[in-house]
Amino acid sequence: MTDRQQQIDGVLLSLATSFEGGVPELFDHIFSFLSRKTDFYTGATSETAQKIVLDAFEKYAKTSEKEALEKQKRKEIEEKKLAERRAAQKAKEEAEFTNRIKELTDEEAEQLQKKLDAKKLKENLDSTEMSENKSTNNSDDNKEENNKTKPNAGNGCDLENYQWTQTLGELDIRVPFKSVGFPLKAKDLIVDVKRNHLKIGIKGHQPIIDGELAEEVKLETCNWVIEDKKIVVLNLDKINGMHWWNKLLTTDPEIDTQKVQPENSKLSDLDGETRSMVEKMMYDQRQKELGLPTSEEKKKHDILKKFMEQHPEMDFSNAKFS
């Protein structure tokens with residue numbers, strides 16, 4: 001096979017595997033191309049065009065049939081040789097086994113039994129050690145997993161001095177000032193929001209929140225209110241509106257985003273196209289976290305599998321797919 005043929009094979013195989021209809025769809029596109037971009041149908045008679053197609057078909061049909069027969073013969077020869085080698089090996093092992101058989105004396109039998117007992121004891125000890133190591137490893141894994149906090153009902157976290165919740169696109173932060181003995185007003189508070197920093201507190205006192213945000217937020221849409229004259233409620237829009245935060249501040253404990261439960265009512269508020277995109281991104285993110293193929297990777301695999309099932313006569317054993 002020439003380099004040119006290999007190059008063309010690569011292009012055509014790539015096209016064929018991208019079509020759900022397989023080879024029939026590939027032919028449809030080829031003849032559509034000939035119709036639209038060449039004079040294949042009009043440059044000569046219809047009989048001439050048909051003859052070109054049939055000649056090419058018959059040329060490679062014969063080659064294909066010949067190669068298939070040769071391949072079948074090679075397979076039969078290899079299977080016959082393999083069966084002969086297995087039979088010879090089996091006969092050799094039986095002969096060696098027969099030659100090794102001899103009657104043991106009482107002393108030799110006792111020594112053999114001691115060796116077998118010692119071997120069994122060693123295997124039991126090794127098995128016990130492996131079980132203990134496995135138990136230790138499982139304990140370490142659980143401990144690592146337990147370092148992540150389970151999300152609260154709002155897919156955020158309840159901390160000692162504040163609470164935060166989230167949707168894919170927004171954050172809500174609630175900061176209660178329980179120890180304050182007077183009704184809060186806006187002039188009493190410091191609420192300073194930057195793209196990657198947040199500060200909330202009472203003027204002249206240590207801030208309740210003062211730290212770097214885990215990710216960036218939009219400044220133009222942020223807003224806050226005083227609820228029940230003692231709770232500051234801040235709403236922020238995420239820059240990346242298709243991503244679950246695992247913490248509010250970089251110093252906060254991390255939540256397990258695999259246990260986030262998105263609200264169906266929120267998804268239903270989106271238009272069909274946006275909702276499909278959000279659900280796909282959520283699925284792909286979960287798949288990546290679990291080390292599993294994304295929806296796009298699964299689609300490519302299914303198309304290739306379907307193509308191979310439709311064309312069992314083609315040999316894919318040496319093909320490489322990415």
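**Close-up 1. R174 and E227 join side chains in a salt bridge, with 2.5 Å from N to O.** Keep in mind that this is a predicted model. R174 sits in strand β3 (residues 170-176) and E227 in strand β7 (residues 217-227), so this pair ties together parts that are 53 residues apart in sequence. As for solvent, R174 comes out as partly exposed at 27% relative accessibility, and E227 is partly exposed too, with a relative accessible area of 29%.

**Close-up 2. K194 and D192 pair up through their side chains in a salt bridge, at 2.9 Å from N to O.** K194 is partly exposed, at 42% relative accessibility.

**Close-up 3. R195 and E216 make a salt bridge between their side chains, with N to O at 3.0 Å.** Here the partners come from loops: R195 belongs to the one between β4 (189-194) and β5 (197-202), while E216 belongs to the one between β6 (209-212) and β7, so the contact ties together parts that are 21 residues apart in sequence. R195 is partly exposed at 39% relative accessibility. E216, with a relative accessible area of 36%, is partly exposed as well.

**Overview. The salt-bridge count for this model is four.** Among them are the R174 and E227 pair, the K194 and D192 pair, and the R195 and E216 pair. The general idea is simple: side chains of opposite charge can pair when their charged atoms come close.

Methods: Residues numbered from 1 in each chain as written. Predicted model: local features only at pLDDT ≥ 70, side-chain atom pairs only at ≥ 80, totals over all residues. Heavy atoms only, no water. Helix = DSSP H or I, 4+ residues; strand = E, 2+ residues; numbered from the N terminus. Buried < 20%, exposed > 50% of the residue type's maximum accessible area, 1.4 Å probe, protein only.
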